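The entries follow the order in which I looked.

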Amino acid sequence: MKADLILKNYEIAKERYAALGVDTDKAIETLEKTPISLHCWQADDVVGFERGEAASGGIQSTGNYPGKARNIDELRQDIEKVNSLLAGTFRLNLHEIYGEFGGKQIDRNEVTVDQFTGWMQWAKEQNMKLDFNSTSFSHPLSGNLTLSNPDPAIREFWIEHTKRCRHIADAMGKFQNDPCIMNIWIHDGSKDITVEKGRYREILKNSLDEILAEELPNMKSCLEAKLFGIGLEAYTVGSHDFYAGYCAKNNVMYTLDTGHYEPTENVSDAVSALLLFVPELMLHVSRPMHWDSDHVTLFDDNTRNLFSELVRTNALDRAHIGLDYFDGSINRIGAYIIGVRAAQKSLLQAFLEPLDTLRKYEDEGKLFQRLALLEEEKTLPFGAVYDYFNLKNNIPVGEEYIADIEKYEAEVLANRK
């Protein structure tokens with residue numbers, strides 16, 4: 001797309017938004033500074049470099065599109081390619097199974113920061129900050145219950161693993177001089193009816209109390225709830241109500257995953273409610289299709305509503321944004337770009353909302369006017385603003401990135417047999 005046309009369209013859009021009291025330059029500046037955490041597991045279908053086995057234990061990646069990353073060098077190469085096609089500020093979210101194990105069998109209750117110093121140095125070279133996750137799935141001791149397991153030997157294994165992950169996250173945060181956000185998600189549950197719901201949740205509470213007891217200054221822990229897991233459909237120990245209560249009582253960050261809700265629920269409705277009781281939110285942005293299927297994030301109503309609510313609640317400084325999907329059925333680099341651009345577009349549209357006018361209408365009881373403006377803003381020329389955002393940062397505009405990814409597939413991905 002020609003630069004002069006993009007600039008012309010932007011000037012028109014800028015004038016249109018200015019008539020509503022919206023500063024497009026300021027919106028672009030805010031978008032450029034708002035970090036989005038890329039999830040490493042999209043590049044290899046959540047296999048990691050520990051065992052080389054497909055994901056199991058409540059989760060599953062589907063599809064067998066050629067070209068997935070098979071080792072750390074290829075994964076880093078893919079992330080670098082993704083970065084080259086995006087404007088903005090990015091972090092990288094690692095799961096523990098993506099450590100540099102050097103061919104050694106280092107079990108998860110033995111992992112140390114040594115397996116991640118290479119990642120820390122690489123991220124610094126890429127001007128990215130790291131986030132982290134403990135990994136309770138895809139392991140011989142995963143079973144149906146980990147931190148909530150009545151067997152003390154199994155439970156202690158996972159407690160030790162999670163403690164070690166917090167120390168790794170703390171080292172990452174210290175190295176990058178910015179807190180590392182560490183997410184704790186476990187798949188624990190039951191395939192069919194259980195009579196021990198309370199018992200397992202009491203055990204989980206006690207495990208979390210032990211894990212989170214140590215104050216670590218360079219990291220922040222967050223807890224992620226789940227609706228259900230594959231093969232664990234009847235009961236989830238770490239449910240939304242469990243974690244909402246735990247996080248509120250213990251002043252812990254709460255993770256909202258857009259796929260972990262009933263299909264008729266709006267995750268955006270939870271933002272303002274939770275922020276009254278928890279210190280911060282971690283947002284894992286994906287797209288459920290009938291169930292928690294982790295499809296590629298799109299510029300859809302759920303994503304737009306989530307970020308609109310974040311901006312309307314003035315909570316951008318109390319929320320951390322990360323992507324969380326794994327689609328092995330399409331080009332994985334393309335999946336990254338589609339998802340990030342969808343998140344960015346949703347954020348930008350929220351930044352461009354004529355919020356002062358909308359709030360004034362609401363305060364004055366002008367409900368027709370409020371609804372009318374909410375409808376009209378949907379067709380304002382925000383696409384021209386997003387195009388300019390990319391042009392300004394020397395990034396392919398519009399669909400131009402498709403050819404670039406096709407070239408990368410032909411020259412790089414096709415050689416991964």
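**Entry 1: the model.** I noted before anything else that this is a predicted model.

**Entry 2: α9 and α10.** I looked up helix α9, residues 301–312, and helix α10, residues 332–351. Their axes lie 8 Å apart, and the packing angle is about 45°. Next I listed the residues in contact. From α9 they are T303, R304, F307, S308 and V311. From α10 they are A342, A343, S346, L347, Q349, A350 and F351. Sorted by class, this contact of α9 with α10 has seven nonpolar, four polar and one charged residues.

**Entry 3: α2 and α10.** I stayed with α10 and turned to its crossing with α2. How close do the axes of α2 and α10 come? They come within 9 Å, and they cross at roughly 140°. I noted a right-handed crossing for α2 and α10. On the α2 side, A27, T30 and L31 make the contact. On the α10 side, the contact is made by Q344, L347, L348 and F351. I counted five nonpolar and two polar residues in the contact of α2 with α10, and no charged ones. L347 and F351 of α10 were already on my list for the contact with α9, and both are here again in the contact with α2.

**Entry 4: α2 and α13.** I then followed α2, residues 24–33, to helix α13, residues 382–392. The two axes come within 11 Å and cross at roughly 60°. I therefore recorded α2 and α13 as oblique to each other. α2 passes α13 in a right-handed crossing. Which residues of α2 meet α13? They are T24, I28, L31 and E32, and their partners in α13 are V385, Y388, F389 and K392. By class, the contact of α2 with α13 divides into five nonpolar, one polar and two charged residues. L31 of α2 is in this contact, and L31 also takes part in the contact with α10.

**Entry 5: the cavities.** How many cavities of 30 Å³ or more does the structure hold? I found three. The largest cavity has a volume of about 160 Å³. Its lining has 16 residues, and H95, W185, E224, D324 and F326 lie nearest the centre. I sorted the lining of the largest cavity into six nonpolar, five polar and five charged residues.

The second largest cavity holds about 40 Å³ of space. I listed its lining as V47, E50, R51, E53, I97, R108 and S138. By class, the lining of the second largest cavity has four charged, two nonpolar and one polar residues.

Key:
Residues are numbered from 1 along each chain as its sequence is written. This is a predicted model: local features need pLDDT of at least 70, side-chain atom pairs count only at pLDDT 80 or more; totals for chains, interfaces and linings use all residues. Side-chain values use heavy atoms; hydrogens and water are left out. Axes are lines fitted to C-alpha atoms, for helices over the stretch in contact, and angles run from 0 to 180 degrees between N-to-C directions. Helices (H or I, at least four residues) and strands (E, at least two) are DSSP runs, numbered from the N terminus. Angles under 35 degrees count as roughly parallel, over 145 as roughly antiparallel, 65 to 115 as roughly perpendicular and the rest as oblique. A crossing is left-handed if the near helix is turned anticlockwise from the far one by less than a right angle, and right-handed if clockwise. Contact means heavy atoms within 4.5 Å. Ala, Val, Leu, Ile, Met, Phe, Trp, Tyr, Cys and Pro count as nonpolar, Asp, Glu, Lys and Arg as charged, and the others, Gly among them, as polar. On a 1 Å grid over the protein atoms alone, a cavity is a set of points where a 1.4 Å probe fits but cannot get out, and a pocket is an open set with protein on both sides within 12 Å along at least five of seven lines; lining residues have an atom within 4 Å of a point. Grid points are joined across faces, edges and corners, and a volume is the space filled by probe spheres set on the points.
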